[in-house]
Amino acid sequence: MKKSIGLGLMLSLLFPLGLWSQYTTRFESSNGTQTPTYEEGMAWYQRIAADFKEIDIQSKGLTDSGQPLHLVLYSKNRKFDIAKLKAQGKAIFFINNAIHPGEPDGVDASMMLLRDLALHPERYPMLDSVVVAIIPFYNIGGALNRSATSRVSQNGPEEQGFRGNARNFDLNRDFIKADTRNAHSFAAIFQELDPDLFIDTHVSNGADYQYTMTFCYAQEEKLGGTLGPFHKGTFLPFLYEHMKSSGFEATPYINAFGQTPDKGFSQFADWPRYSTGYAALFHTIGMMTETHMLKPYAQRVKSTYALLDGVLKFLGKHRAQLLALRKATKEAVKTQSEFPLTWKLNREKFSEIEFKGYEPEYPISTVSGQKRLYYNRNKPLNKIVPFYDHYDVDLKTSKPSAYIIPQGWHNVIERLKVSGVQMRQLTQDSTIEVDVYIIDAYKSAASPYEGHHQNTSVDLHTERHKVALRKGDYFIPLNQWRNRFIVEVLEPQGVDSYFRWNFFDTILQEKGGYSAYVFEDLAAELLQKDPALKQKLEEKKSSDKAFAENASAQLDFVYKNSKYWEKEYMRYPVYRVK
């Protein structure tokens, strides 16, 4: 790694003292040991925005903390209407910081980057065609919950925020379910920006290794089309080379929990609940920067700065190609006939990469007296290892021409709207024949996960029914460039569908019932009038001894096979129009 000069000396060489000293950050003035509080950081942004007309700060909805979510824009032509800027062919580079405020590397790197863009735009020729958008602090509640102990073993800064937000949600699990105000405000920002490149800044723990920076990003197959190969074959190689030349050689995120990475590791599966997974549904190339928590804070921030600088350089070189690929992908998805719902890692296919780590050893723990894992930094390890970065489609579905959602499911409808889904309301009551999913089986998690007990292992079948719809129910045509998002959240078997996240759990509980002693007479009448039902009952009794000996079960069988059985039970209330 290149030898680093002191921060103060580096900045004095770059900028005249009278200019850059006005915008010195707390990180710099502390010689790389501290990060600003939320109040300090926002005051710094307000000050620099007041001095440079190329910078604009906008309030964009509330967060759970009660504070507004701020978006900072750098636009060289001093215009800040995103729609007009995109119409002019500008690329949008979107940076999200402090989703986990205990990991503030991006907070400081973004402040220094913005300052450098403002003071020396001539050094960044790509700014003629690139707009930079920054969320200074996404998790404001977590940033306000500041201490010196929220990140065990992390090597600086001296104090930092907390991972959970004001309601103790992990915001990097909330992009689909959107339980927080933060997520609603973020979705509105994301849809307005429709960013071409998205960076979400983080710090990683886990295994120990030589790298300061690792990258977590969407799978090639998930981005799909021409965008996936461009991401893997052009974007990533450019960034890896840029980081190496900047003195911060990088590698894929070390996803090796349960074993040491010298044996190889798999690419992190960034489901849509995560920021980059959410971005991929809208054909945006996204990346989480994951600096290593054991590296000094100053080193981590500098590597994050180098990464952000590299993305700008990439856009300077490949902007037109990226914009063209995204435009073509958006058009193609409008008529795409099948969509993946779940993925599985292919253990038979892998890439081989050079991994630079440390030798794992297993000395005796002074705490437990048992063997413990220890990475010996006196024994660097350079080794070619398998990197499992191929995901196959596990389950897919055909695209309907439209979905219909009854207006009562407003919690789902509002989440679709904030993510830009186009829909219209029915203008009159009507009866339409549609495909209806019946949930046959599912598993509900025993323990809560981010405020939910997820529904997994969903089995279902489809029935054709005429359903009565009301004026005001929502019709969602599948002719949109957001089709992929729509399908993945509305199909119950999707890995992060709204069904999985419990938004439809009320259909999983029976609401009706009967008094057995009263229903006995009606059941007898039903069997007398319906020979097919009577035969079905007798066949069940013949094949199931326990059933034959259970009078209550037989009565329930008649009820559930009669017209009195509630049609809402286990019937998924999002209908598919052929």
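**Ground rules**

The model is predicted, and I asked for pLDDT of at least 70 for local features and 80 or more for side-chain atom pairs, while totals for chains, interfaces and linings use all residues. I number residues from 1 along each chain as its sequence is written, and my side-chain values use heavy atoms, with hydrogens and water left out.

**Entry 1: aromatic pairs**

I looked up ring pairs of Phe, Tyr and Trp (six-membered ring for Trp), taking centres within 6.5 Å; planes under 30 degrees apart are stacked, over 60 edge-to-face, and the rest tilted. I got 44 aromatic pairs by this rule. I then opened Y442 and F499, where the centres are 6.5 Å apart and the planes stand at 90°, so I logged the pair as edge-to-face.

Next I checked accessibility (buried is under 20% relative accessible area, exposed over 50%, partly exposed in between, with a 1.4 Å probe and protein chains only). Y442 is partly exposed at 29%, whereas F499 is buried at 0%.

**Entry 2: charges over rings**

Which rings have a charge over them? I counted NZ of Lys or CZ of Arg within 6 Å of the ring centre and within 35 degrees of the ring normal. R347 lies over the face of Y388, 4.9 Å from the ring centre. K540 has its charged end over the ring of F547, at 5.4 Å from the centre.

**Entry 3: salt bridges**

Side chains of opposite charge can pair when their charged atoms come close. My cut-off was a side-chain nitrogen of Lys or Arg within 4 Å of a carboxyl oxygen of Asp or Glu. That gave me 40 salt bridges.

I looked at K177 with D174, which meet at 2.9 Å, N to O. K177 is buried at 0%, and D174 is buried at 0% too.

For E361 and K379, I noted a salt bridge at 3.0 Å, N to O. E361 is in strand β11 (residues 351-361) and K379 in strand β12 (residues 374-388), so the bridge ties together parts 18 residues apart in sequence. Both ends are partly exposed, E361 at 23% and K379 at 41%.

Then I checked E491 and R576, which meet at 2.6 Å, N to O. E491 sits in the loop between α14 and α15 and R576 in strand β19 (residues 575-577), so this one ties together parts 85 residues apart in sequence. E491 is buried at 2%, and R576 is buried at 9%.

I wrote down one network of salt bridges as well: K86, D194, D196, R326 and K330 are linked in it.

**Entry 4: the sheet with β11 and β12**

In what order do the strands run in this open sheet? I read three strands, β8-β12-β11, with mixed pairing. β8 (265-266) and β11 are at the edges with a single partner strand each, so one side of each has no neighbour in the sheet. Strands pair here if DSSP finds at least two bridges between them. β11 and β12 are antiparallel over 11 bridges, and I found F355 opposite K383 in β12.

**Entry 5: helix α15**

I checked the span of α15: its 14 residues reach 19 Å from first C-alpha to last, close to the 20 Å expected at 1.5 Å a residue. The expected span is 1.5 Å times one less than the number of residues. Its buried residues are F519, A523, L526 and L527. An α-helix has 3.6 residues a turn, so residues three or four places apart point the same way. Taking contact as heavy atoms within 4.5 Å, I found the buried residues of α15 packing against α16 (531-543) and α18 (551-560).

Terms used
Helices (H or I, at least four residues) and strands (E, at least two) are DSSP runs, numbered from the N terminus.
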